[in-house]
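Please look over the sequence and the model before reading the points.

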Amino acid sequence: MEKTRFTISVFTEDVVGILNRVSIIFTRRKINVESIAASESEIKGIYRYTIVLTETEDQVKKVVGQLEKQVEVVKAVFHPDAEIVHQEIALYKVKTGVLASGGNAEKIVRFHNARVLSVETEFTVIEKTGHKEETQQLFDDLKPFGILEFVRSGRVAITKPMKTLSSIVESLEELLKK
Amino acid sequence: METLTKKTKVKQRLMTGSQAVVHSLIAEGVDLIFGYPGGAIMPVYDALYDVEDKLTHILTRHEQGATHAAQGFARATGKVGVCLATSGPGATNLITGIADAQIDSTPLVCITGQVASHLLGTDAFQETDIIGISMPVTKWNFQVTRAEEIPFALAKAFYIARTGRPGPVLIDITKDAQFGTLDFDYQPFKGMRSYVPTPQLSLTKVAEAASLINAAKKPFVVFGQGVLLAEAENEFKAFIEKAGLPSAWTIMGLSALDSDHYLNVGMLGMHGNYAPNKLTNECDLLIAVGMRFDDRVTGDLSRYAKQAKVIHLEIDPAEIDKNVKTDVAILGNAKESLKALTEMINENEHKNWLEKFRDLEKEEFNEVIDEELNPTSELMTMGEVMNKINLHSNQNNIIVTDVGQHQMIACRYAKFKQTRSSITSGGLGTMGFCLPAAIGAKMGRPDAQVIGIIGDGGFQMTIQELGTIFQFKTAVKIVVLNNEFLGMVRQWQELFFEKRYAATTMVNPDFQTIVKGYGIKTKKVEKRENLEDAVKEMLAHEGSYFLEVMVGKENNVFPMIATGASVSEIRLK
């Protein structure tokens, strides 16, 4: 079976150690995670992990089954790229002096639809959101000027299927009352 | 109002965290725990001292022994096994037993002491990250750092351990939490939104499965421990009897169905019976009940039951399609699923199909079984020992086995009349499991004749638990089938490594002398003519008894499915 890119969304309770419980499922199967992003979801107390990996669908299905089996995992789903809208954010720190000469800064920022977050005497911080290819392109364009520091977030993704987290949580809570 | 206050007063009591631990256990109905004291768990041991009349503590000789004993107890009784250990090495020594319980779905609650919370992460004396270490092998774990968390954490631990697909849970309690105080108010745990223990049964799926069963010409049932865990033995019997379904078991499912039941066609897997393995690749419908298609059961998956449609009755959604693709999956508790399914299937007999199993069984009997049970060779076989035990024991046996050749022989040949009467380390294959597990089983079921069958290798892995038998006068029967080899590894070396016997020869001490030191009655049998009387004597003896039988050094267990072979390639020799 062919390996393709999948995005797994895991919704968990807010407890110490859950990140480890999630990550050891990948470790045990020697699956390399390309990126992981975690933060509180639209429901207070439920955290959302967005995990990107390249694997066969069969393997991803099994991994998601194992994730959902964890006692403190509320729900886990997986999607191919076509079923999600996703985004990443990148920050670039470059020397202010280099950028200021010759109008380069304006050209690049304008071209990439990036924005300047902060200008200090010594350095400037530029922000760009987009897919990895886009943030990478800006990286490549800024490289000749010297990049002092660079950071890119993991992917965050919204799924296209319309089932909402709150409806899932509601039905789970209904089940619990029974 | 006055009564309410009074009530609250009775219910709520100011106590220390360590007292809350023991009172939580008592509130859960626990009366027996296994453990080993040490620095970080001492406050709990101190609290145990005050409740000795309600809560018996069994001091094993090693923490691994405590976990296996708790497993034996849990498997024999269906209750949650509990063990207690200190931090650091005490906690890490639990890991093998916890991993065994995880893979064999055994409900355990393990409580470990931990260094005081202000010392966490400082490499304090006997500090180890047991939460991190145990995470991959526990169903759930939790670290308690405040006394008031204790009742809730333990209530949740018991709930998670015993519900759904059972498993081990570890609660790590820092020493300051044990010393702290709280208003004790124990409330049983009622559930949580992120954990649905038993999936809702889909009657549509049941109907789909029933129509497959009704249409099948050669249906075949393979069942595992799920039947035992759901206490669905009667429902299972009613199901197979109604449609006349030949049924074979995994070693974890052993004893869920009477050995002599007319539809019991034997053991699956690597050293299982000839007929069920061969006919797996001839059936037109495979009905899996509470089993997980372990590789030791399926052999080569790409050649496993490819001709058949597959129905899988299972409580754990993650098991569906994990190893074998199913046509119809029925999620739920086996008791409920089987009941619903039985109602929808037609009565049937499948006489000719069943006859096929019996024909192959005869072939296996002539080629393998007869010689194993009634050997013509001078050397004794493991099978003939099992045969004598079958002949002379009453029907209230619990057979506990270790791992290796003797395990396969015992599972193949022991006769089971009662449920939960076979206890073995199936998934993890933990040598050293038997002796402590037999102790735990006997303590859980004092009325039963508990017989541990062990090899000379596994016996020495947890031999220290003879001390537990001595101290607590545990009337277990221990049978060591001694071939002075690590027999199963040696068998593989013979068959697949050109008889290069690397590190499988055991130069054993005199077990008789050792066991006598523990005050246990012993006997060694080296000649066949003494075997029968020794078995009788052992079974009739009231207390603990150690029977050592010298068996053929280079005997092999057959049939066998070699690694990578298909179930239909099972060899009789």
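Two residues are in contact if their C-beta atoms, placed from the backbone, lie within 7 Å. With that cut-off, B:Ile311 touches B:Ala209, B:Leu212, B:Leu285, B:Ile287, B:Ala288, B:Thr326, B:Asp327, B:Val328 and B:Ile330, residues up to four places away in sequence not being counted. The model discussed here is predicted.

**Confidence**

- The predictor assigns the complex an ipTM of 0.94 and a pTM of 0.96.
- In chain B the average pLDDT is 96, and 98% of the residues score at least 70.
- Where pLDDT is low, predicted coordinates should not be read in detail.

**Contact between the chains**

- Chain A contributes 19 residues to the contact, and chain B contributes 16 residues.
- On the side of chain A that touches chain B, two or more residues each come from helix H1 (18–28), helix H2 (57–69), strand S4 (73–80) and helix H6 (165–177) of chain A.
- H6(A) supplies the largest share of that side, 5 residues.
- Sorted by class, the side of chain A that touches chain B holds 8 nonpolar, 4 polar and 7 charged residues.
- H6(A) is hardly covered, as the count of buried residues among its 13 residues is 0.
- At 1.5 Å a residue, the 13 residues of H6(A) should span 18 Å, and this agrees with the 18 Å between its end C-alpha atoms.

**Domains**

- Chain A is assigned domain 1 (3–85) and domain 2 (86–152), and the centres of these two domains of chain A, taken over C-alpha atoms, are 31 Å apart.
- Chain B is assigned domain 1 (13–184), domain 2 (203–357) and domain 3 (380–550).
- The centres of domain 1 and domain 2 of chain B, taken over C-alpha atoms, are separated by 37 Å.
- In chain B, 5 residues of domain 1 are in contact with 5 residues of domain 2; the domain 1 side has 1 nonpolar, 2 polar and 2 charged residues.
- An unreviewed UniProt entry places the feature "domain: Thiamine pyrophosphate enzyme N-terminal TPP-binding" at residues 15–131 of chain B.
- The span of residues 15–131 of chain B is 42% helix and 19% strand, and its end C-alpha atoms lie 26 Å apart.

**A residue within a strand**

- B:Ile311 belongs to strand S13 (residues 309–314) of chain B.
- Is B:Ile311 buried or exposed? B:Ile311 counts as buried because it has 26 C-beta neighbours inside 10 Å, where 20 or more are required.
- B:Ile311 and B:Leu539 are 228 residues apart in sequence, and their C-alpha atoms are 42 Å apart in space.

**Backbone geometry**

- Most residues other than glycine have a negative phi, and most peptide bonds are trans.
- A:Asn113 is not a glycine, yet its phi is positive, at about 55°.
- A:Asn113 lies in the loop between helix H4 (104–112) and strand S6 (115–119) of chain A, and counts as exposed because it has 11 C-beta neighbours inside 10 Å.
- B:Ser105 also has a positive phi, near 50°.
- B:Ser105 lies in the loop between helix H6 (95–103) and strand S5 (108–114) of chain B, and is buried, with 25 other C-beta atoms within 10 Å.
- The peptide bond from B:Phe558 to B:Pro559 is cis, with omega near 0°.
- B:Pro559 is located in the segment after strand S20 (545–550) of chain B.

Methods
Residues are numbered from 1 along each chain as its sequence is written. Chains are lettered from A and ligands numbered from 1 in the order in which they are written. This is a predicted model: local features need pLDDT of at least 70, side-chain atom pairs count only at pLDDT 80 or more; totals for chains, interfaces and linings use all residues. Helices (H or I, at least four residues) and strands (E, at least two) are DSSP runs, numbered from the N terminus. Ala, Val, Leu, Ile, Met, Phe, Trp, Tyr, Cys and Pro count as nonpolar, Asp, Glu, Lys and Arg as charged, and the others, Gly among them, as polar. UniProt positions are given in the numbering used here, feature names are shortened, and annotations may be inferred rather than shown by experiment. Domain bounds come from an automatic or database domain assignment. The expected span of a helix is 1.5 Å times one less than its number of residues. A residue is buried if 20 or more other C-beta atoms lie within 10 Å of its own, exposed if 12 or fewer, and partly exposed in between; C-beta atoms are placed from the backbone. pLDDT is the predictor's confidence in each residue, from 0 to 100.
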